[in-house]
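Dear colleague,

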Amino acid sequence: MYKSYGKDGQIAIFYRDTHIANFPLGVMKMYDYEQNANKLILDGMRDGMKVKDIIYACKLFCESIRYITCDNLRRKKYKRKEIKLDDYRTFICSLLALVKLKIIDEDDAYIIFSRKAVLKKLRLT
């Protein structure tokens, strides 16, 4: 699971009630992630894909990352499958595309923590 703390806080990503990862909000802001999701939808439509096909592809990718994440929680540390940072970024774009297309509720997809909340959490642990 990818965890990092940015200078502007962090975003916690969930899919179907499973915590997938935390992303830093620093160099990449929430606006950048949303623009990438919009670009994903528009590029798919320009390539001739129907909206139903874009939704199917995004759901399929999100399900595969969720499956690997759940599987990794059950495995011992040395047997876990590694998920690359690019895969996590593609996941957040796919998830935000599903939010944009109103397939997933925004409240169920992510939580944004401010920097103060993250620093307070770090002091408690």
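Asp108 is partly exposed, at a relative accessible area of 48% (buried means under 20%, exposed over 50%, partly exposed in between; 1.4 Å probe, protein chains only). Asp108 belongs to helix α4, where helices are DSSP runs of H or I with at least four residues and strands are runs of E with at least two, numbered from the N terminus.

This is a predicted model: local features need pLDDT of at least 70, side-chain atom pairs count only at pLDDT 80 or more, and totals for chains, interfaces and linings use all residues. Residues are numbered from 1 along each chain as its sequence is written, and side-chain values use heavy atoms, with hydrogens and water left out.

The whole structure contains three salt bridges (a side-chain nitrogen of Lys or Arg within 4 Å of a carboxyl oxygen of Asp or Glu). Glu63 pairs with Arg16 at 2.5 Å, N to O. This pair links distant parts of the chain, 47 residues apart: Glu63 sits in helix α2, and Arg16 in the loop between β1 (10–15) and β2 (18–24). Asp43 and Arg46 form another bridge at 3.7 Å, N to O; both lie in helix α1 (residues 30–46), three residues apart, about one turn of the helix. Asp43 is partly exposed at 30%, whereas Arg46 is exposed at 64%. Glu82 meets Lys84 at 3.6 Å, N to O, with Glu82 exposed at 65% and Lys84 partly exposed at 48%.

Finally, Thr69 in helix α2 (residues 51–74) is buried, at 5% relative accessibility.

With kind regards
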